Amino acid sequence: MKFWEKVYLMLMILFLIVLNICNILVFQGGYRKSVESVQNSCISQWGNVAVPFTEDLAEAGEDAGGEWELFQAYVSAYATETLAFELWRGDELRAKSLLGTQRTFSATEERLESDFLMEEEIGKILKKDRRQIQILKRGKEKYSCTSGYLTGTDYYLVIYGRVTDVLNIWKGQLSFFIILEISASIVMAVLLYFLMRRFLRPVSDISEAAAKIAAGDYQHQVRVKGEDELAKLAEDMNQMAEQVRINMEDKDREAQTKQEFIDALSHELRTPLTSIQGYAQLLRSARLSEDKNLQYLDYILQESGRVIGITEILRQVILLRQEEVRMEEVLLDKLGETMSAMAEIQFRERKIDVQIEVRGEKIVGNEGLVELFFTNLIRNSYHACEEGGVIRMKLSEEKAIIEDNGIGMTEECQKHVFEPFYREDKARSRAMGGSGLGMYLCRQIADIHGWKLNIQSEKGKGTKITTLLQASEDSIKSRRYSNVCSLTVHS
């Protein structure tokens, strides 16, 4: 069953329930008022008869003939086609009249029995302490029974009135309203069916669109006019489909990038491992001089060191993606001293001037990753410089600049420099011991910290890398640059 059909059925059921409840309440209220009207009329009628009858009966005393004569007189005066009278003394019926006639009967002639009251009802209806009225149902007829004690006497006057026609009016009206209700329900059902089908058609369109999107058709769009909730839902569905399409494209690109990374990694590892295997076989199978043995062992150590370097950087990249990075304040003075010590130890073999200038107090980041970031940038500049070259590093709370006068990069190289295992001059990079992962690792660290990298380079004229840092709010507000130092390292 479709959604709109379920809504249709629920609305129809609710409509019928509410309609019937309202009809029941209306008829109950109308019938109750009709009964109350009959009761008030009967009580008023009983009072009009009982008051003068009581006075006359008190004057007549206990004469049985007198009570019957009075009873006959009042029956003649008030009898109609719908009324009957009974006069009781205690639980003995003393006189009665037939319904709709003036004919009366007296207990002096014969023992009388009520035409309306059953024996078990007499004690309940004839009570001194109150006047009461009840509706009696005898067969298909309904009668009002108004009874009351005649003050100052031992008599009870009971007046019966046939009220079948009055109360049965509501039955006719009930039949009319049932027919009207059925007709209204049919009209309502037909109109509601077409209206629901028309207004909830967009739900079907959205459902079909969702099925197509689930099947991979991310280009499908839902077209719903208007500004209501369904139109908004359709708009959200379209946005979702577009976002899913973008996410799938991103995943495809990511999968392609991962595959390219794996292919490049396999290629990078194959070369040093092939060299290690070849030199090891030579050492094992050939009789070589001691100098050759040492030379081949050096090759093996060099290539194995390259493999270790690649795996270490890969481990760092994996950790960056898996572990939560804790941010802290990194003191720029300490960072500059660490970079200076690193350059002095690692770059001592070549005469390259490393100049580090620090302005400001601190930045926000992970201290270990920050040191690794700048170490890789400086090492990259070191590999680009010839002997006697210069590397300048300027650190502040807002940005870091590292520039060199090395071989520089072409425009094509600048586009791919952050890709894993990319090297413009593979022979030179291998000779320097590079793996092609240093700048890739820098990009990962920069993304984690929200930094922006900018490269300016020209072939043969050096490279300048500017990193826009996210400084702490306190240092940005204070703009204090009182702590300025300059460190120069000659390696």
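Guide: This is a predicted model. Start with a nonpolar surface patch of about 630 Å². Leu174, Ile178, Ile182, Ile186, Val190, Tyr193 and Phe194 make this patch.

Visitor: Where is Ile182 placed?
Guide: Ile182 sits in helix 4, residues 164–199.

Visitor: Why is Ile182 called partly exposed?
Guide: Its relative accessibility is 49%. Buried means under 20%, and exposed means over 50%. Ile182 falls in between, so it counts as partly exposed.

Visitor: Now helix 5. How do you know that its span is close to the expected one?
Guide: Helix 5 covers residues 201–214, which is 14 residues. From first C-alpha to last, helix 5 reaches 20 Å. At 1.5 Å a residue, 20 Å is expected.

Visitor: Which residues of helix 5 are buried?
Guide: Pro202, Ile206, Ala209 and Ile213 are. They cover an arc of only 60° around the axis, so they lie on the same side of helix 5. On the other side, Arg201 and Ala214 are exposed.

Visitor: What follows helix 5?
Guide: Gly216 does, with a positive phi near 110°.

Visitor: What makes the span of helix 9 close to the expected one?
Guide: Helix 9, residues 367–384, has 18 residues. It reaches 26 Å from its first C-alpha to its last, and 26 Å is expected.

Visitor: What is found at the start of helix 9?
Guide: A side-chain oxygen of Asn366 comes within 3.1 Å of the backbone nitrogen of Leu369. The cut-off for a polar contact is 3.5 Å. Leu369 is also one of the buried residues of helix 9. Others among them are Phe373, Leu377 and Tyr382.

Key. Residues are numbered from 1 along each chain as its sequence is written. This is a predicted model: local features need pLDDT of at least 70, side-chain atom pairs count only at pLDDT 80 or more; totals for chains, interfaces and linings use all residues. Side-chain values use heavy atoms; hydrogens and water are left out. Helices (H or I, at least four residues) and strands (E, at least two) are DSSP runs, numbered from the N terminus. The expected span of a helix is 1.5 Å times one less than its number of residues. Buried means under 20% relative accessible area, exposed over 50%, partly exposed in between (1.4 Å probe, protein chains only). A polar contact is a pair of N or O atoms within 3.5 Å; within protein, one must be able to donate a hydrogen and the other to accept it, and residues adjacent in sequence count only if both atoms are side-chain atoms. Patches are made of residues with over 30% relative accessible area and no salt bridge: like charges are joined within 9 Å, nonpolar side chains (Val, Leu, Ile, Met, Phe, Trp, Tyr) within 5 Å. Accessible areas come from the Shrake-Rupley method with a 1.4 Å probe; for residues, only the protein chains shown count as cover. A salt bridge is a side-chain nitrogen of Lys or Arg within 4 Å of a carboxyl oxygen of Asp or Glu. The arc is that of the directions from the helix axis to the C-beta atoms.
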